[in-house]
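This report goes through one structure piece by piece. Please keep the sequence and the model in view while reading.

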Amino acid sequence: MNNLNILVVDDKEENLFTMKQLLESEDLNVSVILAQSGLEALEKTLTIDFSLILLDVQMPEMNGYETAELLRGSKRTKFIPIIFVTANSREENNIFKGYESGAVDYLFKPINPIVLLSKIRVFIDLGLQKIELEDKTKILDQKIKELESLKSELEHKNIALEQLTMEDGLTSLGNRRCLDLTLDSEWQRGLRSKQPLSLVMIDIDHFKLYNDTYGHQEGDICLKRVASALKSTLKRQCDIVARYGGEEFIAVLPDTDLEGAVLVAERMRQAVDSLGISHSSSLTLDHVTVSLGVSTVIPVATSMSGFLIKAVDKALYKAKESGRNQVSI
Ligand code: GH3
Ligand code: MG
Ligand code: MG
Ligand code: MG
């Protein structure tokens, strides 16, 4: 224990000297600082760092309890262990009051020097450990803050990247954003050209059963193969097919009427059918098939592209209801 300061507070000068002598006679290696009142004690704590305070209870003006409460209330001093030293030996009530105001121990005069010195050693040590823990906690809190801000920075960058990309990670088709943007711009173009705009919505039949039977990884491989078969059926530059959701796709076919869109849809159905991907648990056939809905409109200003999605979704539902592996309008 090096360079540690102990504050002794007592209104009687002779008590202060006795205590100073006792503490300095031992090999504690501490500096003993004296204060003759609570106020003087508080003043001393402003400029000196203490590892322990021995505090008399009965003092004029500000007593030991009041002093202790003030010490506990200040950030600088709240962790300094306080040992009350009092002549009030017979009042149990006082012991309680002492602990309540934040003391770590309560000793009665006359003090047994051996007891006092052992306690001082223990409490100084505990105090140091507490400060060390406080410091470590602060460092950890700081680190947590840094990590949290890093995390949110990364999340922001991720969102920014996702917004920039138009491609679906799994299938390499257009993603949802690509679909929304294409549909919007084709809708605007259709408003001017008054040409029909068609959508085909494609949904894999009994795909949940496929995953359940072959596993999610095989499911992903199947999704990729279906996606690329769908894409291969599109001949015109302006046609796109995008991944709308899990195992659902939407093709946007500008300047295409219902008849033409149904032809494309039927081509898509056949393309997937002829992949011949085994699906032993399918309730339709023994291989992977798709159901398709088709819908066509000539865009008008009083309507919105969302309406077309609703319509094509309805058509798809009809294809499912009518037995799957087919095209409905
Ligand atoms: P239905 O013929 O009525 O369309 O039956 P379904 O099982 O395909 O219908 P549903 O839409 O309820 O299930 C779609 C399933 O597709 C759910 C999920 O297991 C699977 N799925 C969705 N997204 C993915 C994906 O990215 N990878 C894989 N492997 N499976 C997916
Ligand atoms: Mg479904
Ligand atoms: Mg499905
Ligand atoms: Mg589905």
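H206 counts as partly exposed because it has 18 C-beta neighbours inside 10 Å. A residue is called buried if 20 or more other C-beta atoms lie within 10 Å of its own, exposed if 12 or fewer, and partly exposed in between, with C-beta atoms placed from the backbone. H206 lies in the loop between β6 and α7. Helices (H or I, at least four residues) and strands (E, at least two) are DSSP runs, numbered from the N terminus. Although H206 is not a glycine, its phi is positive, at about 45°.

R324 also has a positive phi, of about 70°, and is not a glycine. It is found in the loop between α10 (305-321) and β10 (327-328). With 19 C-beta neighbours inside 10 Å, R324 counts as partly exposed.

## Basis of the model

The model is predicted: local features need pLDDT of at least 70, side-chain atom pairs count only at pLDDT 80 or more, and totals for chains, interfaces and linings use all residues. Residues are numbered from 1 along each chain as its sequence is written, while chains are lettered from A and ligands numbered from 1 in the order in which they are written.

## A cis peptide bond

Most residues other than glycine have a negative phi, and most peptide bonds are trans. The bond from K109 to P110 is cis, with omega near -5°. P110 lies in the loop between β5 (105-108) and α5 (113-164).

Which residues come nearest to ligand 1? Of the 16 residues around ligand 1, they are D205, F207, K208, G219 and G246; a residue is near a molecule if its C-beta atom, placed from the backbone, lies within 6 Å of it. At least two residues of this shell come from each of β6 (197-204), α7 (207-214) and α8 (216-232).

By type, the shell has four nonpolar, five polar and seven charged residues. Here Ala, Val, Leu, Ile, Met, Phe, Trp, Tyr, Cys and Pro count as nonpolar, Asp, Glu, Lys and Arg as charged, and the others, Gly among them, as polar.

## D56

The UniProt record, an unreviewed entry, places the feature "modified residue: 4-aspartylphosphate" at D56. UniProt positions are given in the numbering used here, feature names are shortened, and annotations may be inferred rather than shown by experiment.

D56 is in strand β3 (residues 52-56) and counts as buried because it has 26 C-beta neighbours inside 10 Å. Not counting residues up to four places away in sequence, D56 touches V9, D10, D11, G64, V85 and T86. Contact means that the two C-beta atoms, placed from the backbone, lie within 7 Å.

## Nonpolar cores

A nonpolar core is a set of buried Ala, Val, Leu, Ile, Met, Phe, Trp, Tyr and Cys residues joined through C-beta atoms within 7 Å. The largest has 42 residues, of which V200, V226, F249, I250, A251 and L292 touch the most other members. Apart from it lies another core, of 23 residues, including I6, M19, L23 and A35.

## Helix α2

In helix α2 (residues 38-47), the buried residues are G38, A41 and T45. Seen down the axis, they fall within an arc of 55°, so they line one face of the helix; the arc is that of the directions from the helix axis to the C-beta atoms. Their cover includes β1 (4-9), β2 (30-35) and α3 (64-73). On the other side of α2, E43, L46 and T47 are exposed.
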